[in-house]
Amino acid sequence: MMDNFTPAKPAGERQPTGEAQSAEESRSVVEAQFRKELFAAGVPEHLHDWLAEYGIGALVVKMGIRFLEMSPERTVATMPVEGNTQVAGILHGGAHVVLAETLGSFAAGMHAGPGRQALGIEVGATHHRAVAAGTVTGTCTAIHLGRTLATHEIVMTDEQGRRLSTARITNLIRDIGA
(Lines give C-alpha, C1' and ligand atoms only; values in the text may rest on other atoms or scores of the structure.)
Protein backbone atom coordinates (compact mmCIF):
# COMPACT_ATOMS: atom_id res chain seq x y z
CA MET A 1 0.00 0.00 0.00
CA MET A 2 1.08 3.54 -0.70
CA ASP A 3 1.64 5.98 2.12
CA ASN A 4 1.88 9.74 1.97
CA PHE A 5 5.25 9.87 3.71
CA THR A 6 7.29 8.08 1.06
CA PRO A 7 10.21 10.40 0.26
CA ALA A 8 10.70 11.58 -3.30
CA LYS A 9 13.82 10.62 -5.24
CA PRO A 10 16.83 12.81 -4.41
CA ALA A 11 17.20 15.80 -6.71
CA GLY A 12 20.33 14.32 -8.33
CA GLU A 13 18.60 11.10 -9.43
CA ARG A 14 17.20 11.15 -12.93
CA GLN A 15 14.49 8.88 -14.22
CA PRO A 16 15.58 6.59 -17.05
CA THR A 17 14.86 7.86 -20.55
CA GLY A 18 11.26 7.34 -21.58
CA GLU A 19 9.99 7.35 -17.98
CA ALA A 20 9.86 11.08 -17.44
CA GLN A 21 6.46 12.20 -16.19
CA SER A 22 4.88 15.60 -16.03
CA ALA A 23 3.77 16.92 -12.66
CA GLU A 24 0.17 16.23 -13.68
CA GLU A 25 0.95 12.61 -14.63
CA SER A 26 2.81 12.09 -11.34
CA ARG A 27 -0.12 13.54 -9.39
CA SER A 28 -2.50 11.20 -11.25
CA VAL A 29 -0.36 8.18 -10.38
CA VAL A 30 -0.24 9.16 -6.70
CA GLU A 31 -4.01 9.76 -6.60
CA ALA A 32 -4.63 6.37 -8.22
CA GLN A 33 -2.45 4.72 -5.55
CA PHE A 34 -4.25 6.62 -2.77
CA ARG A 35 -7.63 5.57 -4.21
CA LYS A 36 -6.51 1.92 -3.93
CA GLU A 37 -5.46 2.62 -0.35
CA LEU A 38 -8.83 4.21 0.42
CA PHE A 39 -10.70 1.27 -1.08
CA ALA A 40 -8.58 -1.24 0.89
CA ALA A 41 -9.28 0.67 4.14
CA GLY A 42 -13.04 0.57 3.57
CA VAL A 43 -13.46 4.31 2.98
CA PRO A 44 -16.83 4.87 1.25
CA GLU A 45 -16.47 5.83 -2.42
CA HIS A 46 -18.28 9.14 -1.98
CA LEU A 47 -15.29 10.29 0.14
CA HIS A 48 -12.58 9.21 -2.32
CA ASP A 49 -12.48 12.52 -4.21
CA TRP A 50 -11.98 14.36 -0.89
CA LEU A 51 -9.12 12.08 0.22
CA ALA A 52 -7.52 11.05 -3.10
CA GLU A 53 -4.87 13.76 -2.91
CA TYR A 54 -3.74 12.73 0.60
CA GLY A 55 -4.70 9.10 1.24
CA ILE A 56 -5.50 7.97 4.76
CA GLY A 57 -2.01 8.29 6.22
CA ALA A 58 0.85 5.89 6.70
CA LEU A 59 0.05 5.14 10.35
CA VAL A 60 -3.55 4.17 9.57
CA VAL A 61 -2.23 1.73 6.96
CA LYS A 62 0.44 0.32 9.31
CA MET A 63 -2.06 -0.18 12.16
CA GLY A 64 -4.47 -2.06 9.89
CA ILE A 65 -7.40 0.27 10.56
CA ARG A 66 -10.44 -0.48 8.39
CA PHE A 67 -13.42 1.88 8.23
CA LEU A 68 -16.97 0.51 8.47
CA GLU A 69 -18.97 3.73 8.70
CA MET A 70 -18.00 7.38 8.14
CA SER A 71 -19.92 10.56 8.90
CA PRO A 72 -19.30 13.63 11.08
CA GLU A 73 -21.78 12.33 13.64
CA ARG A 74 -20.60 8.69 13.77
CA THR A 75 -17.49 7.00 12.44
CA VAL A 76 -16.70 3.32 13.08
CA ALA A 77 -13.56 1.32 12.30
CA THR A 78 -11.80 -1.88 13.30
CA MET A 79 -8.17 -2.57 14.09
CA PRO A 80 -6.41 -5.90 14.65
CA VAL A 81 -4.78 -6.54 18.01
CA GLU A 82 -2.06 -8.59 16.30
CA GLY A 83 0.82 -6.35 15.28
CA ASN A 84 -0.30 -3.57 17.64
CA THR A 85 0.70 -5.09 20.98
CA GLN A 86 3.10 -3.98 23.66
CA VAL A 87 5.77 -6.14 25.30
CA ALA A 88 3.26 -7.90 27.62
CA GLY A 89 1.32 -9.16 24.59
CA ILE A 90 -1.74 -6.94 25.01
CA LEU A 91 -2.99 -4.15 22.76
CA HIS A 92 -0.73 -1.14 23.25
CA GLY A 93 -2.42 1.80 24.97
CA GLY A 94 -1.04 4.06 22.24
CA ALA A 95 -2.79 1.90 19.65
CA HIS A 96 -6.10 2.69 21.38
CA VAL A 97 -5.28 6.38 21.08
CA VAL A 98 -4.22 6.06 17.43
CA LEU A 99 -7.57 4.47 16.60
CA ALA A 100 -9.43 7.12 18.60
CA GLU A 101 -7.57 10.05 17.06
CA THR A 102 -7.99 8.61 13.57
CA LEU A 103 -11.76 8.29 13.99
CA GLY A 104 -12.22 11.67 15.66
CA SER A 105 -10.03 13.48 13.15
CA PHE A 106 -11.74 11.99 10.10
CA ALA A 107 -15.18 12.77 11.59
CA ALA A 108 -14.15 16.36 12.38
CA GLY A 109 -12.64 16.75 8.90
CA MET A 110 -15.92 15.67 7.31
CA HIS A 111 -17.75 18.16 9.54
CA ALA A 112 -15.32 20.94 8.58
CA GLY A 113 -16.16 20.49 4.91
CA PRO A 114 -14.46 21.77 1.74
CA GLY A 115 -11.90 24.54 2.15
CA ARG A 116 -11.58 23.91 5.89
CA GLN A 117 -9.49 21.56 8.00
CA ALA A 118 -9.65 19.95 11.41
CA LEU A 119 -6.58 20.08 13.63
CA GLY A 120 -6.43 18.00 16.80
CA ILE A 121 -5.81 20.15 19.87
CA GLU A 122 -6.58 17.68 22.67
CA VAL A 123 -6.87 13.92 23.03
CA GLY A 124 -7.14 11.77 26.14
CA ALA A 125 -8.01 8.17 26.92
CA THR A 126 -8.92 5.96 29.83
CA HIS A 127 -8.11 2.24 29.50
CA HIS A 128 -10.63 -0.05 31.17
CA ARG A 129 -9.63 -3.58 30.16
CA ALA A 130 -6.85 -5.36 28.26
CA VAL A 131 -7.19 -7.44 25.11
CA ALA A 132 -4.59 -9.85 23.73
CA ALA A 133 -6.16 -11.16 20.51
CA GLY A 134 -8.84 -10.48 17.95
CA THR A 135 -10.16 -7.24 16.57
CA VAL A 136 -10.98 -3.98 18.32
CA THR A 137 -13.86 -1.80 17.14
CA GLY A 138 -13.80 1.96 17.68
CA THR A 139 -17.09 3.85 17.61
CA CYS A 140 -16.76 7.62 17.40
CA THR A 141 -19.76 9.74 18.35
CA ALA A 142 -20.03 13.52 18.08
CA ILE A 143 -20.41 15.40 21.35
CA HIS A 144 -20.19 18.90 19.81
CA LEU A 145 -20.06 19.95 16.17
CA GLY A 146 -19.51 23.70 16.10
CA ARG A 147 -18.15 26.25 13.66
CA THR A 148 -14.64 26.30 15.19
CA LEU A 149 -14.53 23.21 17.42
CA ALA A 150 -15.61 19.59 17.09
CA THR A 151 -15.47 17.17 20.02
CA HIS A 152 -15.99 13.42 19.75
CA GLU A 153 -16.10 10.51 22.19
CA ILE A 154 -14.59 7.25 20.98
CA VAL A 155 -15.36 3.92 22.64
CA MET A 156 -13.17 0.89 21.85
CA THR A 157 -14.70 -2.55 22.36
CA ASP A 158 -13.55 -6.13 21.91
CA GLU A 159 -15.28 -8.81 19.83
CA GLN A 160 -17.63 -9.56 22.76
CA GLY A 161 -18.70 -5.90 22.95
CA ARG A 162 -16.83 -5.23 26.20
CA ARG A 163 -15.53 -1.67 26.63
CA LEU A 164 -11.73 -1.57 26.44
CA SER A 165 -11.14 2.16 26.51
CA THR A 166 -12.87 5.51 26.22
CA ALA A 167 -11.24 8.49 24.53
CA ARG A 168 -12.18 12.05 23.73
CA ILE A 169 -10.71 14.31 21.06
CA THR A 170 -11.27 17.98 20.32
CA ASN A 171 -10.38 19.40 16.91
CA LEU A 172 -9.99 23.06 15.98
CA ILE A 173 -11.72 23.80 12.69
CA ARG A 174 -10.23 26.52 10.51
CA ASP A 175 -9.96 27.64 6.93
CA ILE A 176 -7.15 25.93 4.98
CA GLY A 177 -4.10 28.16 4.92
CA ALA A 178 -5.30 30.26 7.87
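Over how many bridges do strand β3 and strand β6 pair, and in which sense?

1. Strand β3 (residues 116-127) runs antiparallel to strand β6 (residues 163-175), and the two are joined over 11 bridges. To see one of these pairs, look for A118, whose bridge partner in β6 is I173. Please keep in mind that this is a predicted model.

2. Strand β6 has another partner too. Strand β5 (residues 149-157) pairs with β6 in the antiparallel sense, over 9 bridges. Here H152 stands opposite I169 of β6. The two strands make a hairpin with 5 residues between them, and G161 in the turn has a positive phi of about 80°.

3. Now step back to the overall plan. The protein has 4 helices and 6 strands, and along the sequence they follow the pattern α-α-α-β-β-α-β-β-β-β.

4. Just after α4 comes G113, with a positive phi of about 85°.

5. Finally, the whole chain. Of its 178 residues, 37% count as buried. The protein exposes about 10,000 Å², with carbon and sulfur atoms supplying 53% of that area. Among contacts with a separation of 6 or more, 61% come from residues 24 or more positions apart.

Terms used: Residues are numbered from 1 along each chain as its sequence is written. This is a predicted model: local features need pLDDT of at least 70, side-chain atom pairs count only at pLDDT 80 or more; totals for chains, interfaces and linings use all residues. Side-chain values use heavy atoms; hydrogens and water are left out. Two strands pair if DSSP finds at least two bridges between them. Buried means under 20% relative accessible area, exposed over 50%, partly exposed in between (1.4 Å probe, protein chains only). Contact means heavy atoms within 4.5 Å. Accessible areas come from the Shrake-Rupley method with a 1.4 Å probe; for residues, only the protein chains shown count as cover.
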